[in-house]
Amino acid sequence: MKIQNKSTFSLSSLISWIAFSTAMILIVMLLSVIQYEGRMSALESTETLFEEITTKTSARINVVISSIATLTETAALNPMTAALDHTDPASFIDSTITMKAILDDTPVLLSIYTGYNDGTFHQLIAPRNNETILRTYDAPPETAYIDRVITTSIEGTRHQVWQFRKHNLDIIRTRQDSVVEYDPRIRPWFVQAQETGQTTFTTPYIFSSSRLPGLTCARQLANGSGVLGVDVTLVKLGDILASQKVARNGVIWIVDKDNQLIALPGLAWKNVLSTDLHLPHATTSSNPVVAAVAKEMTSKNDNVTKGSRKPFFLNIDGEMYIASQMSMEPDSGQHLHVVIAAPLRDITGHIKRLAIRIVFIAVGLLIIIIPIVMLVGRRAARPVNALMAEAQKIQSFDFSPSPPINSIIKEVNTLAQTYEAMKATIRTKTENLIQTQSKLEMLVEGGVALSTEKKLNQLVSLIFSNAKELVQADGGVLYIKEDNLLGVELLSLGPQNIHLGGMSETPAPRMMIQPQIMAFLSKDSVLHSACQAFTQRESIVIPNGNFSLFPTGLPEEPKDYTISSLMCVPIVTRRDEVLGVIQLFNPCTETDTTEDGTCKERIKFVASLAAQAAVTLDNRNLVNSLTELFDALVQVVAASIDAKSPYTGGHCTRVPELAEMLARAAHEKEDGPLADFRLNTEDEWRQLFIASWLHDCGKVTTPEYVVDKATKLETIYNRIHEIRMRFEVLRRDAEIVFLQRQLQGKENIEQLEQELQETLRSIEDDFEFIANCNLGTEFMTEETQSRLESIANRTWMRHFSDRLGISRAEHRAKGDSTDPPLPVAEPLLSDKPEHIVPQSKNYSHLHDAFGNPLEIPPHEYNRGELYNLCISRGTLTPEERFKINEHTLSGLEMLSKIPFPENLRNVPNIALAHHETLIGTGYPLKKSAKDLRIESRILAIADIFEALTAFDRPYKKPKTLSEALQIMSFMRNDQHIDAELFDIFLKSGIFREYAQKYLRPEQNDTDDISPFLNNAHKRPGKPN
């Protein structure tokens, strides 16, 4: 029956959900209405509040401005002020007293002054301890008033006198200025007052003396002789604004028509003024609210004087603000604007609190209502839920007893009885299936573990522990076949806590049994049943008995352990080969035993485990056999190379041993550049082992006579014998000529004999010279080569054809040239065309580490007699030297055709790079340090050291330890071998251990390694 996946609900949940959803919808609707209406009401009240604050602010500012205007007008229209004789300097003291009284009564005034039409000017300044004012006028610190008088003489000369007075008007100090630049008649306040004849106010500006914002109020004197003015600071406007309660976090400020800041509560004016003393623009305010609102006002309206703006919203640093701009017209005639801003949360906070209260009330009601609704639903759905719980228990294989289900519904009671009957049936079947499943899981897990295990001790422990657990045995033995003998590999006696063999530190007793002697063993011996299972290739179960154990080899044999039953299962491969026997002591329990006393089901499981073990052991044996076979073949190849030439005998055997010694020393290094070098797995060691045995495998293709070439003329044989025979012919010819001339009797016999002796001495000297050149022990100079060429030009007579008795290959080498008439004179030494052997190898598919084609000589061999004798050093021609070096290329082609497994994939790279250098000057591929593995560098050092110290090379004398180490230190300095590895080679004493084993006593001439360590030895003419 197909079950559709539709959303379903329990009865109690459905009832509760309907009640909850209805309540939530009502609450959301109520909150939405309250939120909307409250927000609109708050905005209206905010607009009213902002208008009220602006009105109050304007009124208070007008009171201040009006009082200043009244004061100015009263003072200017006072007849006494107009009647003052300003031409008499003495009259200014009365004016000073009057000005002091006005300044003392009006703290907002900075100064009061009178300017006359003739340029005379009298000003009294009240610094009020303002350091900026005192510093500006260079006034003493205790100055209370600064009295400034500018007079004009009849001649028109103007003088300025500064008097710094105390509070009682006593003069502290007087200063006179002969140069007067200030002229009141051209000042805006003077001009504006004269033109209007009324009380006037300038626009707000920054007083240069106090660096405070302010404005000037001026009025023409009653008699028109001058103008009286006062400087009013606007700092008090900030105090007026601070007294206005906008909101908890609200801000109020005043700007002019250009959006310049006039007043802001708490503003430090000295910190915001620029050097040009202009009022700061509101957009540059340090208050983020003021700056943000000003920018918004500027972007929306280029001129803020266009009128008031209704409240608007803006986001400031992630919080919503409401702001408003309203114009005010103070009595001074200035166009000023009050700007107010406050966080929206301050305005609508009460609405949010109201909504929260409603939510709490609603939640409280829901807390009361929902449990009642759920209780009613649960009582109605309780029987159904009980049946559903029973179904889930059965689905989870839980068959525990359940309380009876009672319901007023008949069908529900019937369904409950049916559930109980079904549960009992399923419980019985499930218990059997679970037991079987646990064994199968154990068997599968054991099989997986067996397939991944490689070590025999862990393998036998795994096989035995799984078998023991399958049949709940308390002990047993695992036998493994070795050379047709059955040997004890593991013994376990659980109750005695005895575990021998396997992963135990104590080895198993070396009990080896010939299965064919089963008839001679006691049937009560565990060995008898093991041999029986081995020979019959079938499982044996003996349920009842009293069996004896073989000797364990322990100091005290177990005495209290009883073997009353046992099970033997052979480990048989698919080829019907028995690899061992699993023997288990006291398996099964009484509840698991059938009527005949056996445990058939469990025997099958152990038999399956034995089959898996057989596959694993068989595969292991097969892998080990293939590994041993491959290793043997590798060593046979290396041995064949050594056997090919007696002069290199032992090289391919000694190099692997030396490489392993150096690799282990590098592996144990815990500091320096090689601290991270590790050969952690057996496969990595085996990879190095195979590479070191195969490092010279290409020498199989190298001709023996090239490897063993001891003289320059040597090929398959030493051709010096041919040259000697030619000299013999020359000697005989000289004697024949002497005898013929003697028979003629025409010449003096003594003179003839003297000529003969000189000729014979010349022939003998020339041959001895050629013979010495053939040895290759000395460097061939140009003079030596010239003498060789001179000797080569001597001729001898050949009377027989050189085309008789030669092979087809020799005929082809001579080409189509015809044999000259005999006898023929031939050079004593010659380089003939047949001496050239064409190149037979093609390495065009190979490129070096730089991507360049390999440098291959054009000829495979050049066997010319003169060509070979003229070799400057040693006995090898360039072609023969390449032929020897070619063993790396041959080895590369050979090893590239071997399908190495993944764990040995680097064998070719390691084996065939031992002639490379760290600077790319080696062969065959000119690899550099970045391309060379550590194993290749190890192999290079081992190969060089063995070659230098070997005493079985015919072409050189073996080096002593000091000579070999000195040469290798030069190679280290030239970056031909790895410096760190060479230091390890020296410090670990590997060279000394090797020398004691393989070198002659006379070669062991040093124990001091200090001259050969890195940076301790410098090759002459070479940098370190």
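Is Tyr561 buried or exposed? I began my notebook with this residue, keeping in mind that the model is a predicted one. At 13% relative accessibility, Tyr561 counts as buried, because the cut-off for that word is under 20% relative accessible area.

**Entry on aromatic rings.** I looked up the aromatic pairs next, and the count came to 14. One of them joins Tyr561 and Phe585, whose ring centres are 6.3 Å apart and whose planes make an angle of 50°, and I noted this pair as tilted. Tyr561 lies in the loop between strand 19 (540–542) and strand 20 (566–572), while Phe585 belongs to strand 21 (residues 578–585), so the pair ties together parts that are 24 residues apart in sequence. Elsewhere I found one aromatic cluster, which is formed by Phe945, Phe982, Phe985, Phe991, Tyr994 and Tyr998.

**Entry on charges over rings.** I looked for arginines placed over aromatic rings, and I wrote down two cases. The charged end of Arg787 sits over the ring of Phe769, at 4.2 Å from the ring's centre, and Arg863 lies over the face of Tyr861, at 4.7 Å from the ring centre.

**Entry on helix 3.** I followed helix 3 (residues 92–105) from end to end: its 14 residues reach 20 Å from the first C-alpha to the last, which is close to the 20 Å expected at 1.5 Å a residue. Which residues of helix 3 are buried? I listed Phe92, Ser95, Thr96, Met99, Lys100, Ile102 and Leu103. Looking down the axis of helix 3, I saw that its buried residues fall within an arc of 165°, so they line one face of the helix.

**Entry on Ser928.** I located Ser928 in the loop between helix 23 (907–911) and helix 24 (934–949), and at 17% relative accessibility this serine counts as buried. Leaving out residues up to four places away in sequence, I found that Ser928 touches Thr917, Leu918, Ile919 and Gly920.

**Entry on the whole chain.** I finished with the totals, and I noted 27 helices and 25 strands in the protein chain. Of its 1024 residues, 44% are buried. Among contacts with a separation of 6 or more, 61% involve residues 24 or more positions apart. The chain exposes about 54,800 Å², of which carbon and sulfur atoms supply 55%.

How values were computed
Residues numbered from 1 in each chain as written. Predicted model: local features only at pLDDT ≥ 70, side-chain atom pairs only at ≥ 80, totals over all residues. Heavy atoms only, no water. Helix = DSSP H or I, 4+ residues; strand = E, 2+ residues; numbered from the N terminus. Expected span 1.5 Å × (residues − 1). Buried < 20%, exposed > 50% of the residue type's maximum accessible area, 1.4 Å probe, protein only. Arc of directions from axis to C-beta. Contact = heavy atoms within 4.5 Å. Areas by Shrake-Rupley, 256 points an atom, 1.4 Å probe, with all protein chains shown as cover. Phe/Tyr/Trp six-rings, centres within 6.5 Å; stacked < 30°, edge-to-face > 60°. Lys NZ or Arg CZ within 6 Å of the ring centre and 35° of its normal.
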